[in-house]
Amino acid sequence: MAPSTHRLRALPSRPAAITALQLAYLAWAVVELGLGRPGKALALVAVFLVLQVPRLMRLPVAFDVAFLVAWTLQELGQVAGFWSRYSWWDTLVHTALPSVLAPTALIVLIRAGALPNVLRPVGRVQTAGAVMLVFLVAAGFGTVYEIYEWFSDSHFGTHYQPDNTDTMTDITANDIGGLAGGVLLVASATRRREDE
């Protein structure tokens, strides 16, 4: 049998500091497991896997850093209890996660062929359109998440949405994060194109 002419491309390397910070999630999970909190340990292992997405998708290292920051804020809220300690932590997370996840989702849609490559805008209108697409992805997912919280509160007795102000604050933070993510993604794509 003839050897295959196709070779798998090696995954891009990442700075050692990023790898060490990602592995810290597994160490944190071991600590949580040792403290008898398997649910929190499982959440940390799941986030460790999510942190591998930028590398697996061959995204720029900046995405690794952004994922680390956004998901660390999320896990400090969920696992370390920052949501109950700091009233503003939830808003911070609602801003940070969409600023990372919405641009990543847009890249996935482009690579899947669901959208044309809008990250090569040729003018101001196309640039604004690319930013708007990231914003709309964030707004759409954020709205679905708020519907989930409302449904859970209404039918399962949870208390995700204490009042309308909380819901509107979350939606606003989500939209701001999506807008920021769109601007950063287009700026990054423009800079890469100029370097080519």
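The model is a predicted one.

Two packed helices are described by the angle between their axes and the distance between the axes. For H1 (16-34) and H2 (38-50), the axes come within 8 Å and cross at roughly 170 degrees. Angles over 145 degrees count as roughly antiparallel, and H1 and H2 are therefore roughly antiparallel to each other. On the H1 side, the contact is made by Gln 22, Leu 23, Tyr 25, Leu 26, Trp 28, Ala 29, Glu 32 and Leu 33. The H2 side contributes Pro 38, Lys 40, Ala 41, Leu 44, Val 45, Val 47 and Phe 48.

H2 also packs against H4, at an angle of about 170 degrees and with the axes 11 Å apart. This pair of helices, H2 and H4, is therefore roughly antiparallel as well. Here Lys 40, Ala 43, Leu 44, Val 47 and Val 50 of H2 meet Phe 67, Trp 71, Glu 75 and Gln 78 of H4.

H4 itself covers residues 61-78, which makes 18 residues. From its first C-alpha to its last, H4 reaches 26 Å, close to the 26 Å expected at 1.5 Å a residue. Its buried residues are Phe 63, Asp 64, Phe 67, Leu 68, Ala 70, Trp 71, Leu 73, Gln 74, Glu 75 and Gly 77. An α-helix has 3.6 residues a turn, so residues three or four places apart point the same way.

Leaving aside residues up to four places away in sequence, Trp 71 touches Tyr 25, Val 47, Val 50, Leu 51, Leu 97 and Leu 101. The largest nonpolar core has 38 residues, and Trp 71 is among those with the most contacts inside it, together with Tyr 25, Leu 51, Leu 106, Ile 107, Leu 119 and Leu 185. Two or more residues of this core come from each of H1, H2, H4, H6 (89-111), H7 and H8. H6 gives the most, with 10 residues.

With a relative accessible area of 43%, Leu 179 is partly exposed. It touches Val 131 and Phe 135, not counting residues up to four places away in sequence. Leu 179 and Met 132 are 47 residues apart in sequence, and their C-alpha atoms are 7.3 Å apart in space.

Turning to the aromatic rings, the structure holds nine aromatic pairs. One of them joins Phe 82 and Tyr 86 edge-to-face, at 5.3 Å centre to centre and with 70 degrees between the planes. Phe 82 is buried, with a relative accessible area of 16%, while Tyr 86 is partly exposed at 32%. Another pair is formed by Tyr 148 and Tyr 160, whose ring centres are 5.9 Å apart and whose planes lie at 35 degrees, so this pair is tilted. It links distant parts of the chain, with Tyr 148 in H7 (residues 124-156) and Tyr 160, 12 residues apart from it, in the loop between H7 and H8 (164-195). Tyr 148 counts as partly exposed at 42% relative accessibility, and Tyr 160 counts as partly exposed at 38%. Finally, Phe 82, Tyr 86, Trp 88 and Trp 89 form one aromatic cluster.

Conventions
Residues numbered from 1 in each chain as written. Predicted model: local features only at pLDDT ≥ 70, side-chain atom pairs only at ≥ 80, totals over all residues. Heavy atoms only, no water. Helix = DSSP H or I, 4+ residues; strand = E, 2+ residues; numbered from the N terminus. Expected span 1.5 Å × (residues − 1). Buried < 20%, exposed > 50% of the residue type's maximum accessible area, 1.4 Å probe, protein only. Phe/Tyr/Trp six-rings, centres within 6.5 Å; stacked < 30°, edge-to-face > 60°. Contact = heavy atoms within 4.5 Å. Core = buried A, V, L, I, M, F, W, Y, C linked by side-chain atoms within 4.5 Å. Axes fitted to C-alpha atoms, helices over the stretch in contact; angles between N-to-C directions. Parallel < 35°, antiparallel > 145°, perpendicular 65-115°, else oblique.
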